[in-house]
Amino acid sequence: MGKVVLVTGAARQLGGRFVRRVLEDPGVDRVVAVDAVAPEQPLEGAEFVVTDIRQSSIARVLAEHAVDTVVHLSVSGKALGAAGRTAVKETNVIGTMQLLGACQKSPTVQRLVVKSTTSVYGSASRDPAVFTETTPPKSLPSGGFAKDAVEVEGYVRGFARRRPDVAVCVLRFANILGPDPDSPLADYLALPVLPTVFGYDPRLQFVHEDDVLDVLEAAAREPRRGTLNSGTFNIAGDGVLLLSQCARRLGRPTVPLLLPAVTWVGSALRTAGMTDFSPEQIRLLTHGRVVSTVQMRETLGFRPRFTTAETFAAYAHSRGPGLLPPAAVGRAVDRLAAVLAPDGAPGGSPDDVHTTHGAR
């Protein structure tokens, strides 16, 4: 990793954890943490600079500290504090433009890592079963965080052409979960009852928070022998889960609704401040999205420690039992099967019922 590392979005949960991770690296001389607001937990050992990356002052920060590695984590789908959607979009898009402009003028910057999202592929009925990094989306995102990420990646590609001497790595993360997630999808899954789109059971992928930190660290370092950490990579845990499986493992009942009703419920939840049930999230919960991670393994040389199922299990464990805990439902089914099954009937064995639950 570079001698002087600048991390944007340091006031967020993920950014703060990454700053603390980099501080432990003996090869790093200085860590400059940047955000528009102070973090809730102090970043002892880092030089925290309160600055808005939408302003030209970010160029002075790069110059004053002679930064050689920039890790851009400010691109986010969730507002920080009382900021609204407009402020989030400006930080995502205009903030990235200002940061890239400052990096372009800086003679010391040698590596740039950008946090992006698999939402850039969109979610549509005509989507391929699996997206690769070069698969064009059937329908470009029309708004929200996904559209922000598409614009951000366009600016990053332009920067890479203008500064071919800078190693640029774009990481497209699947839905980030874990014990302490901070995302609109995590807020949706925390609802006591999950509204779903009638007739659809989308496939979902997840990546664990700890794997996110590991791959960010790998991208910010010099590549290991036989690997290349410049380019664009999908990052996700192995395997997929259906939304119905997620609901059962959380113990959350679902309420299937027709698509217009889901849109109305989403607007109501957004107004109540319970979750950002945006149109792009509704499309994800309708059509789902699965990406290939071949390049992550073969080119980047990164292998996540957690599968999609293990990541979701860590999230579910941190949330506690829902209204319909799987274990309690299993015991109720066992008791009902014992009552209804005729004496000596082979289908009344509790072991058979447990086997069915285990298949979930």
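A10 lies in the loop between β1 and α1. The residue is buried, with a relative accessible area of 1%; buried stands for under 20% relative accessible area, exposed for over 50%, and partly exposed for values in between, with a 1.4 Å probe and protein chains only. A10 and S74 are 64 residues apart in sequence, and their C-alpha atoms are 7.9 Å apart in space.

The model is predicted: local features need pLDDT of at least 70 and side-chain atom pairs count only at pLDDT 80 or more, while totals for chains, interfaces and linings use all residues. Residues are numbered from 1 along each chain as its sequence is written, and side-chain values use heavy atoms, with hydrogens and water left out.

The protein has 13 helices and 13 strands. Helices (H or I, at least four residues) and strands (E, at least two) are DSSP runs, numbered from the N terminus. Of the 360 residues in the protein, 49% are buried. Among contacts between residues at least 6 apart in sequence, 79% join residues at least 24 apart.

β1 and β2 pair in the parallel sense over five bridges, a pair of strands being one for which DSSP finds at least two bridges. T8 has V34 in β2 as its bridge partner. β2 also pairs with strand β3 (residues 47-50), again in the parallel sense, over four bridges. In this second pairing D35 stands opposite V50 in β3. Five of the six residues of β2 are buried, so the strand is largely enclosed by the rest of the structure.

The largest nonpolar core holds 32 residues, of which F18, V19, V71, L171, F173, L216 and I235 touch the most other members. A nonpolar core is a set of buried Ala, Val, Leu, Ile, Met, Phe, Trp, Tyr and Cys residues joined through side-chain atoms within 4.5 Å. Two or more residues of this core come from each of β1 (4-8), α1 (13-23), β2 (30-35), β6 (167-173), α6 (209-220) and β11 (231-235). α6 gives the largest share, six residues. V71 is in contact with V5, L6, V7, T8, F18, V113, L216 and A220, not counting residues up to four places away in sequence.

α6 has 12 residues and reaches 17 Å from its first C-alpha to its last, close to the 16 Å expected at 1.5 Å a residue; the expected span is 1.5 Å times one less than the number of residues. Because 11 of its 12 residues are buried, α6 is largely enclosed by the rest of the structure. The buried residues of α6 are E209, D210, D211, V212, L213, D214, V215, L216, E217, A219 and A220.

T96 is located in helix α3 (residues 85-105). With a relative accessible area of 1%, T96 is buried. Its contacts, leaving aside neighbours within four places in sequence, are I53, H72, V75, T91 and V152.

The structure holds three aromatic pairs. Rings of Phe, Tyr and Trp (its six-membered ring) pair if their centres lie within 6.5 Å; planes under 30 degrees apart count as stacked, over 60 as edge-to-face and the rest as tilted. Y121 and F131 form a stacked pair, at 4.7 Å centre to centre and with 15° between the planes. Both Y121 and F131 are in the loop between β5 (111-117) and α4 (144-162), 10 residues apart. Y121 counts as buried at 2% relative accessibility, and F131 at 1%. F206 and F312 form a tilted pair, at 5.5 Å centre to centre and with 35° between the planes. This pair links distant parts of the chain, with F206 in strand β10 (residues 206-208) and F312 in helix α11 (residues 308-319), 106 residues apart. F206 is buried at 0% relative accessibility, and F312 is buried at 1%. Ring pairs join F206, F312 and Y315 into a cluster.

Technical notes
Contact means heavy atoms within 4.5 Å.
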